[in-house]
Amino acid sequence: MTSTNTTPSIQTSEISASSETFVVESSIELPERLAGSLFVYADLFEAARRRLLHILFWVVLLLVVLIGFSSWQDSGDQGFGAFASRFGGKLFGLDGLVILLVVVPTLAYYAIQPMIFRRRLTRWCRDEQLDRPMAATYRFEPGGITAYTPGHCSAIACQRIIGLTEGDTHFFIRLKDIEDVLVLRRSALSDEQIARIKAWAASCQAGGAGEALDFHGLADQTGSQPLMMVRFEQTAADRAIALGWQMERPSMRRRRRRGFALTFLLTALIWPAILVVFWLLDADRVPVRYAFPLFLEMLASSVWQYVLGFWAIIVAIIVLHPWARGRHAHRLAEQLHKRMRVYEQEVRLYEDRLDIWQEGLLNRFEMISFERIERRSEHFLLLQRVGEPVIVPLRAFDDDKQAAFERVVARRIDEENHRLEAGV
């Protein structure tokens, strides 16, 4: 599914005799994608912020205990009064300054963390080319909603729709057991359109689950039979593959390389910078003609050892980083997997499309929406031109079907790529 929005050009079409059926034409843009992601994963973002406060609490508690232990040793047998006096003096003196140096930056980071999350989401959308406007059409029916975007179509029955949530700037159509949400910009809707959407949502919740969703062209009208059908249930390992794919995107690798290169540079400069700062505190005592040779001598004799020590730590982090990314992907995948019910998925391969059926949900991907197919670990990854890949585990296939599936999909994607290159 794709998070969606409506723009000021939104309009309602009367295309059905049923007054409860209407169509919304819109375009998917970056602000609504961000709003949808922040809405869907709000609990994960808040959990990350709470973890930061928990870590800060235990660090501050440890520092306070260390100050208390030092004060108790210094007070000896002089009693509690002497201990309290020394403890207060240290807590509000230089030792307490260490606590402030930990607390103030951490709380400042906590305050700006929502902005950081939003910037990261924006950067991810731009990396995935999701910041470009995309035409979309949404058909609201008594039995559910059908969403059309170029090369992709989704039909969601009422049983997979939780309800409608009103935000300050957007309406969110919440989906059951789907890591996405449909987003409608409030300012782009007229009062009549808002009333119709609310009535649709109420009807969908009240009795729409019993209605049959008209897939409007999603049902095969040509009578063609699928070339292949396989079934599987998604596991946490499948989700981890998707998350790992995101972490290994070229843009992510470039950022990691730039980050590590910058870290090497900063750790090489930090010790010389400290020496220069200390000299500037009382530059008149040691003139430059004496300080500069001494500075060079310290660089040659001892500073480089500290720099190499920092670099050794960085190299160790680089070596362990792939393992850490994999562990993080599996932890996050397990967390996401526990959030929703697992449905059996049926994949139907046709010459011109790929259909993925679930209970109350159909996702249809035209072959033109795919860029290529890859086999990674125990999964097929069908990489879309825009958005995340479609993942099909190899366990869903018999041995002979694996090769046939890969061959047919690769051939059809190549044909569509040639058509695009030829401008057909």
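This report describes the aromatic ring pairs and the charges placed over rings in a predicted model.

## Aromatic pairs

A pair of aromatic rings is described by the distance of the centres and the angle of the planes. The count in this model comes to 10 aromatic pairs.

In one of these, the ring centres of Phe-22 and Phe-140 lie 4.7 Å apart and the planes meet at 10°, so the pair is stacked; the cut-off for stacking is under 30 degrees.

## A stacked pair between helices

Phe-45 and Phe-117 form another stacked pair, with 4.9 Å from centre to centre and 25° between the planes. Phe-45 is in helix α2 (residues 42-75) and Phe-117 in helix α4 (residues 94-127), so the pair ties together parts 72 residues apart in sequence.

Phe-45 counts as buried because its relative accessibility is 18%, and the cut-off for buried is under 20%. Phe-117 is likewise buried, with a relative accessible area of 12%.

## Arginine over tyrosine

Two arginine side chains are placed over tyrosine rings. Arg-49 lies over the face of Tyr-110, at 3.9 Å from the ring centre. Arg-160 lies over the face of Tyr-343, also at 3.9 Å from the ring centre.

Technical notes. Residues are numbered from 1 along each chain as its sequence is written. This is a predicted model: local features need pLDDT of at least 70, side-chain atom pairs count only at pLDDT 80 or more; totals for chains, interfaces and linings use all residues. Side-chain values use heavy atoms; hydrogens and water are left out. Rings of Phe, Tyr and Trp (its six-membered ring) pair if their centres lie within 6.5 Å; planes under 30 degrees apart count as stacked, over 60 as edge-to-face and the rest as tilted. Helices (H or I, at least four residues) and strands (E, at least two) are DSSP runs, numbered from the N terminus. Buried means under 20% relative accessible area, exposed over 50%, partly exposed in between (1.4 Å probe, protein chains only). A charge sits over a ring if NZ of Lys or CZ of Arg is within 6 Å of the ring centre and within 35 degrees of the ring normal.
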